[in-house]
Amino acid sequence: MSKLHFQRQSKLHRTDINTPAYPVGLITGLGLRRSPDRSRGHNKLGIQNTNPKSQFTGCLGLPLHRHCVALSLSPLHLHSQARRASNANPSYLYLSAAAMNCSISGEVPEEPVVSKKSGLLFEKRLIERHISEYGKCPVTGEALTADDIVPVKTGKIVRPRPVQAASIPGMLGMFQNEWDSLMLSNFAMEKQLHTARQELSHALYQHDAACRVIARLKKERDEARSLLAQADRQIPMSTPATVAGNAPVHSNGTQVANDNLGPGVRNMHPGISPSILAELTDCNTALSQQRKKRQISSTLAPIDALERYTQISSHPLHKTSKPGILSIDIHHERDIIATGGVDTNAVIFDQPSGQILSTLGGHSKKVTSVKFVGRDNLVITGSADKTVRIWQGSDDGDHHCNHTLKDHTAEVQAVTVHATNNYFVTASLDSTWCFYDITSGLCLTQVEDTSASQGYTSVAFHPDGLILGAGTSEAVVKIWDVKSQTRVAKFDGHVGAVTSISFSENGYFLATAASDGVKLWDLRKLKNFRTFTPYGPDTPTNSVEFDFSGSYLAAAGSDIRVIQATSVKQEWNTIKTFPDMSGTGKATSVKFGPDAKYIAVGSMDRNLRIFGLPGKDVEMES
């Protein structure tokens, strides 16, 4: 007896006489025979066959076609009749439902159901979900409801163990196959990981390139804006007075990338207008009259107090990787200190609290000079990157760059602020000094010394504001008239570059420092009246500074010395010598605090050192 396997095993429990057609595979053990009549497309039992060449005749006289059969008897009766018909006549086919699949998933259904309308077999949970979502048969597209499906119960079949698991060699082979699959999967994952890493690396490279392009475009944009602003500024230059009075003012807190036409290009300068010259003259007159009535403050530290000064604090303000403090300035009213370092930063430090208030970062090279402006919380810095920056302080202690000035073509060595607090001068190694308006950041004039070949190394305003002293790298000190921008005097005699100059508050004396020591000049007679050589020929004096009262003079080199300032005919005696506590043997800058209550010293390490009276001595003095 041959078997024709349609689909998987399934068996109907019962049905009605009026039950519509079901797949042939649903009938377990239904006996069929070949129909002797192949021409009509129907068999004796009323079978409607879609292919007359493959007709089957049901032994029970049921109307069948190739895919469907209408049931009129119970499944058990059909089963018994089919068995008997098959045994009686070998020509009958015994149909087994041992290979019936779900019409949706193609898998053996765990809970088989059949559609009354189409006769198709489905997994119950799948067809119910499909009906709830779409309300129609997934195969035929006919309208279908949950009442149109009939469950089919099947016998439990225990599947035999596979042949490979029947022996130890077979199991070893299975394990080997599993291991090979695992290794192949691991290799595929590693290959995927390598590909992902390559894609990530490429994406990061593209991101970095995009960032570089954006930065370059921003730089070009800022340069274009600067050129446009400079062009607008230069348009009304036919009337210098009008230009100076109507110079554009940049808002506080806004950083201007460039305030010049570009590196290496000399700007056109409007010059110092008559109104500005009148302002400078009025300031000079007022200060001269006040100086005649000036008396030394009663709160000035006496000589015996200075003799007891010692180091009372040390503050690491700059980076360890690039140590060195090159410049110091003190705001006497607020008692704050500004330092310029080799690490390209300037630091604002509160001396009473010992706290850093702000770090000014923006220069690309060492900060060679730093100066406070006596108004509006402004700070000016000069750098070896050929630029000068004007910084605006805010209430929260932070500082923002208002202007970046690029009028010089070489390192900016020194900055000095005029007594009006409205103007300042910078000196550079390009042998020029520039006179700036602080508010607008406009360079009013740039004076070039054609006789100098190596440039300026230091600069300072006379207390009255109409005289400018500048030290050069050729051991010469030049005195300039600010109003006419002409050189009115020249002091020779130093050896090496003039590293520092300082005017006394009385307006009569000028102190200059160089490799050969400190020289004092009488401005009334334009001659040198005293020379100090505190160090050897190989140790330069890096800084010299009068205190605000003009009573003391400090010099810094391999150590720090405080000298009593007297007169031309009297001796200038050394009051106190402080060793260089940095261990570098090079003190670079020195400043007196308010009323000489302390002395701030910068060296080639990163620490700012404060020398003053110890705590107990301070209480006794008070």
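Where is Asn506 found? Asn506 sits in the loop between β27 (500–503) and β28 (509–514), where strands are DSSP E runs of at least two residues, numbered from the N terminus. This is a predicted model, in which local features need pLDDT of at least 70 and side-chain atom pairs count only at pLDDT 80 or more, while totals for chains, interfaces and linings use all residues. Residues are numbered from 1 along each chain as its sequence is written, and side-chain values use heavy atoms, with hydrogens and water left out.

**Around Asn506**
- Asn506 is buried at 18% relative accessibility (buried means under 20% relative accessible area, with a 1.4 Å probe and protein chains only).
- Its side chain makes a polar contact with the side chain of Ser504 at 3.1 Å (N or O atoms within 3.5 Å, one able to donate a hydrogen and the other to accept it; residues adjacent in sequence count only if both atoms are side-chain atoms).
- Leaving aside neighbours within four places in sequence, Asn506 is in contact with Arg291 and Arg294 (heavy atoms within 4.5 Å).

**Aromatic pairs**
- The whole structure holds ten aromatic pairs (ring centres of Phe, Tyr or Trp, using the six-membered ring of Trp, within 6.5 Å; planes under 30 degrees apart are stacked, over 60 edge-to-face, the rest tilted).
- Trp433 and Trp480 have ring centres 5.8 Å apart and planes at 65 degrees, so they pair edge-to-face.
- Trp433 is in strand β21 and Trp480 in strand β25, so this pair ties together parts 47 residues apart in sequence.
- Trp433 is buried at 1%, and Trp480 is buried at 5%.

Methods:
Helix = DSSP H or I, 4+ residues; strand = E, 2+ residues; numbered from the N terminus. Buried < 20%, exposed > 50% of the residue type's maximum accessible area, 1.4 Å probe, protein only.
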